[in-house]
Amino acid sequence: MAGGVAVRANLLCVTWSAARGHVFLFDLEGARPMSAWTLPATARGYSDAAGVAMDAHFHLFVADPHNDRVCHFSAFGRHLGDLGLPAPPQGDAGRDRPGVLDRPHGVALLGDRVLVACGDRPRRRGLQQFSRDGTALRPLLASGDAEATFGAPRAVWADADGVLVADTLHGRLQRFRPDGSFVSHLRYARAGVLARPIAVLRLRGGRIVVVDAGDEPGVHVLDASGERASAAAPFAAACRDAIALTADEQGRVYVLDHGGERVVRFAADLTFDRLLVDLREHLDDFPPRS
């Protein structure tokens with residue numbers, strides 16, 4: 001199921017799909033909905049909304065897997081353009097090229113770069129990079145090897161310590177430096193547990209939160225060696241059917257769970273804070289505009 005969450009200062013963004021991709025903005029300080037809109041449809045007649053990233057100016061970058069693009073919006077919902085070179089309308093040839101977005105799902109920002117995790121099968125160009133104006137930059141290399149592939153990654157996280165990619169079909173994370181050079185793979189130390197990572201973020205102090213949709217679905221917290229942090233069990237138990245993660249400037253963690261219907265916030269130490277948003281309660285508050 002597609003969906004994403006991003007936060008900046010007092011603004012929370014949640015994306016959700018039902019025939020069209022929807023973007024919802026909430027004022028956290030005032031605990032109220034602010035605005036909403038839908039992603040424009042293309043000639044295919046539909047749009048989708050998956051991962052989302054928000055910059056310091058509250059601009060939003062929303063992945064649209066159905067139309068092979070990332071939509072760039074202002075904080076007021078103005079569509080400022082799309083990222084992603086055109087993919088062939090049919091067939092597989094030409095979908096694994098720099099700048100081409102093949103079913104993008106995850107979006108992250110690192111400086112002036114927009115990182116996009118994409119693909120529905122193993123691709124060499126599964127982690128694309130763009131400037132904010134949409135110029136295609138050099139993709140990250142899976143495992144640091146130009147011929148290696150990403151396994152249809154569903155999520156990417158970027159911060160001052162580097163980039164984490166949820167290498168979904170390969171059942172692992174890939175770690176990169178901020179300049180895009182490869183560092184290492186990370187699997188759970190207990191073999192076989194990490195099967196289908198679909199969301200990832202790095203906590204202050206270096207621990208990593210992963211949402212896994214595989215053999216042991218749920219939210220897991222790892223240390224740098226891949227060991228599961230048992231002390232985080234109450235945090236994991238409080239998240240049900242999670243699909244996306246983010247964190248704010250204070251290190252608080254936001255989990256989009258219940259299959260994309262609610263957002264729950266946790267303190268930086270992963271203790272429960274509160275339920276922020278239940279989309280089912282707000283859909284009538286602001287009928288989405290196109």
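**Note on strands, a loop and a pocket**

1. Strand E17 (residues 172-176) and strand E18 pair in the antiparallel sense, and four bridges connect the two. Within this pair, Leu 173 faces Leu 186 of E18. The model under discussion is a predicted one.

2. E17 and E18 belong to an open sheet of four strands, in the order E15-E16-E17-E18, with antiparallel pairing. Which strands stand at its edges? They are strand E15 (155-159) and strand E18 (182-186); each has a single partner strand, so one side of each has no neighbour in the sheet. On average, neighbouring strands of this sheet are turned by 15° against each other, direction ignored.

3. A second open sheet of four strands has the order E9-E10-E12-E13, again with antiparallel pairing. Here E9 and strand E13 (136-137) are at the edges; because each has a single partner strand, one side of each is left without a neighbour in the sheet. E9 is joined by six bridges to strand E10 (residues 113-118), and the two run antiparallel. One of the paired positions is Ala 108, whose bridge partner in E10 is Leu 115.

4. The next point concerns a pocket. Rolling a probe the size of a water molecule over the atoms shows where empty space is left. The largest pocket holds about 1,100 Å³ of space. Its lining consists of 47 residues, and those nearest its centre are Trp 157, Ala 158, Leu 245, Thr 246 and Ala 247. Two or more lining residues come from each of strand E1 (4-8), E5, strand E9 (104-110), E15, strand E19 (197-202) and strand E22 (244-247). Which element gives the most to this lining? It is E9, with six residues.

5. Strand E3 (residues 20-27) deserves attention for its surroundings. Seven of its eight residues are buried, so E3 is largely enclosed by the rest of the structure. With strand E2 (residues 11-18), E3 pairs in the antiparallel sense over eight bridges; Ser 17 is opposite Gly 21 in E3. The hairpin of E2 and E3 has one residue between the strands, and Ala 19 takes a positive phi near 70° there. E3 also pairs with E4, in the antiparallel sense and over six bridges. In this pairing Val 23 stands opposite Trp 37 in E4. Four residues lie between the strands in the hairpin of E3 and E4, where Ala 31 takes a positive phi near 50°.

6. Are they buried or exposed? Ser 47 has a relative accessible area of 5%, so it counts as buried, whereas Thr 42, at 31%, is partly exposed.

7. Not counting residues up to four places away in sequence, Ser 47 touches several others, including Ala 19, Pro 40, Asp 64, His 66 and Arg 69.

8. Thr 42, leaving aside neighbours within four places in sequence, is in contact with Asn 67 and Arg 69. The side chains of Thr 42 and Asn 67 are joined by a polar contact of 2.6 Å. From Thr 42 to His 66 there are 24 residues in sequence and 9.6 Å in space, C-alpha to C-alpha.

9. Five of its five residues are buried, so E20 is largely enclosed by the rest of the structure. E20 runs antiparallel to E19, with five bridges between them, and Val 211 in E20 is the bridge partner of Ala 199. The hairpin of E19 and E20 has five residues between the strands, and Gly 205 in the turn has a positive phi of about 95°. Five bridges also join E20 to strand E21 (residues 218-222), which runs antiparallel to E20; there the bridge partner of Val 211 is Val 219.

Definitions and conventions: Residues are numbered from 1 along each chain as its sequence is written. This is a predicted model: local features need pLDDT of at least 70, side-chain atom pairs count only at pLDDT 80 or more; totals for chains, interfaces and linings use all residues. Side-chain values use heavy atoms; hydrogens and water are left out. Buried means under 20% relative accessible area, exposed over 50%, partly exposed in between (1.4 Å probe, protein chains only). Contact means heavy atoms within 4.5 Å. Two strands pair if DSSP finds at least two bridges between them. Axes are lines fitted to C-alpha atoms, for helices over the stretch in contact, and angles run from 0 to 180 degrees between N-to-C directions. On a 1 Å grid over the protein atoms alone, a cavity is a set of points where a 1.4 Å probe fits but cannot get out, and a pocket is an open set with protein on both sides within 12 Å along at least five of seven lines; lining residues have an atom within 4 Å of a point. Grid points are joined across faces, edges and corners, and a volume is the space filled by probe spheres set on the points. A polar contact is a pair of N or O atoms within 3.5 Å; within protein, one must be able to donate a hydrogen and the other to accept it, and residues adjacent in sequence count only if both atoms are side-chain atoms.
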